[in-house]
Amino acid sequence: MATLDVSDSEFEEKVLKSQIPVLVDFWAVWCGPCKMAEPVLNELSDEYKDKLVIMKLNVDENQGSTLKYQVMSIPTTILFKGSQEVGRQIGFAGKNAYEDLIKKGVN
Amino acid sequence: MTDKDIFTIKPKEGEAWDVVIIGSGPAALTAAIYTTRGAASTLILGGESWGGQLMLTTTVDNFPGFPDGIQGPDLMNLMRKQAERFGAEFVQKNVETADLGKKPFELIADGKKYLSRTVIISTGASDKWLAIPGEKELVGRGVSTCAPCDAPFFKNKKVAVIGGGDSALTEALVLTKYATEVFIIHRRDQFRASAAMQQKVLDNKNIKILWNTEVTEIVGKDKVEKILIKSNKENTSGEMVLDGVFVAIGHVPESRVFKGHIELDEKGYIKVNDHTKTNIEGVFVAGEVHDQHYKQAITTAGFGCMAGMDVLRYLDKSVPSW
């Protein structure tokens, strides 16, 4: 399963009310490191199928969530579990860094 | 990719590569284009965060061949494709240890061992930080080293750029497109940046400059709230309320992994002998991990070409001239 897109209006339904943990990638088209992160997140989305959903939120189009979670640098990925933030990774630091983050919410 | 472009066969499990290139910026990828075309089996240990400093830029206007400019990340993707076209294997993992005391050389990346007859070190340089209280804690929460990445988050806000070289001035100019007030805080009384860049900054009414000033602390709970500054000429200090701090005080060579094996200078740059050689026979160097003078995408690509050719000569392979 590839990553899914999420917008401000869907955030509550798709992220906060999700039955399984959701990793949200805050990104934008003009962001170089976000392009590096994309294939890695796609891979992780396959590897953690059924245990985790990975969603992408475009910060230019969804400023509500961007402001709410005080994202001021991209890529920022935030892991949500049971409607709460359980961890975040600022910047792209490779697959292992994402896995460390995912382990905070997924066994 | 077609087979006719590939001149080399990959080593079998447990066998040595002809060359392992560490890094994945312009130096590394150019070296790989040359070594693969010279029929040397080539592995690039490119790092998790691949592509080097150009991945953190927007338009690159000084790379020949792109009259309308090219996006830094696009340029790196093209270079990677070109290296892979000729059979370079790209592993996106960081090198953890490098045992250059035995032959073949042994490199460990993500727990896996790779053997190689020669090595090209092209690990480049990374951003230098101020190392002051509050800085590390607030990275991504108002503290940044990448204006092209983060400037849009500072729309209608007040920001400071720390530094006085080309990269600091470029960051300040990028920020003026979004922030209402941009300050450049520089510890000297003049810039090191090029004349063209200085003129652009001095002509820009939205940029204010604080000379002879140092930042001593960044303060904020969940995000940057203010900075503490002091003058290094007069005995005065003060604070500035602002939203963002962009650190652009230069780079440090990424040579830690090789310390103890490879000769470094006092700043950590790898010492070069005879164009591209290090103190260990069979280990070559290219790019910003040794060059502290030019630091351009095109010069680092040139260094990569030189190292690639020297590796081929060392391996006794002929260098193709086409």
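Residues are numbered from 1 along each chain as its sequence is written, and chains are lettered from A, with ligands numbered from 1, in the order in which they are written. Since this is a predicted model, local features need pLDDT of at least 70, side-chain atom pairs count only at pLDDT 80 or more, and totals for chains, interfaces and linings use all residues, while side-chain values use heavy atoms, with hydrogens and water left out.

Let's begin with chain A. Chain A has four helices and five strands (DSSP runs, with helices being H or I of at least four residues and strands being E of at least two, numbered from the N terminus). Read from the N terminus, their order is β-α-β-α-β-α-β-β-α. The radius of gyration of chain A is 12 Å, close to the 13 Å that the globule rule gives for 107 residues, so chain A is as compact as a globular protein of that length. Here the radius is taken over C-alpha atoms, and the rule is 2.2 Å times the number of residues to the power 0.38. Those C-alpha atoms fill a box of roughly 30 × 30 × 20 Å along the principal axes.

Now for the inside. Of the 107 residues of chain A, 57% count as buried (under 20% relative accessible area, with exposed being over 50% and partly exposed in between, using a 1.4 Å probe and protein chains only). Among the contacts in chain A (heavy atoms within 4.5 Å) with a separation of 6 or more, 69% join residues 24 or more positions apart.

Six of its eight residues are buried, so H4(A) is largely enclosed by the rest of the structure. The buried ones include Tyr98(A), Leu101(A) and Ile102(A), and the buried residues of H4(A) pack against strands S2 (22-27) and S4 (76-81), as well as H2 and S5, of chain A.

Lys95(A) is buried at 15% relative accessible area, whereas Glu47(A) is partly exposed at 45%. In another salt bridge, Arg88(A) meets Glu85(A) at 3.0 Å, N to O; Arg88(A) is buried at 18% and Glu85(A) partly exposed at 34%.

Finally, the interface. Chain A and chain B bury about 1,800 Å² between them, 59% of it on carbon and sulfur atoms (accessible area, with a 1.4 Å probe, that the two parts lose on being put together, summed over both). Trp30(A), Met36(A) and Met72(A) supply 38% of the area that chain A buries against chain B, more than any other three residues. The contact takes 20 residues from chain A and 23 residues from chain B. The rule finds one salt bridge across this interface, and there Lys35(A) meets Asp74(B) at 4.0 Å, N to O. On the side of chain A that touches chain B, H2(A) gives the most, with five residues.

Technical notes
Salt bridge = Lys/Arg side-chain N within 4 Å of Asp/Glu carboxyl O.
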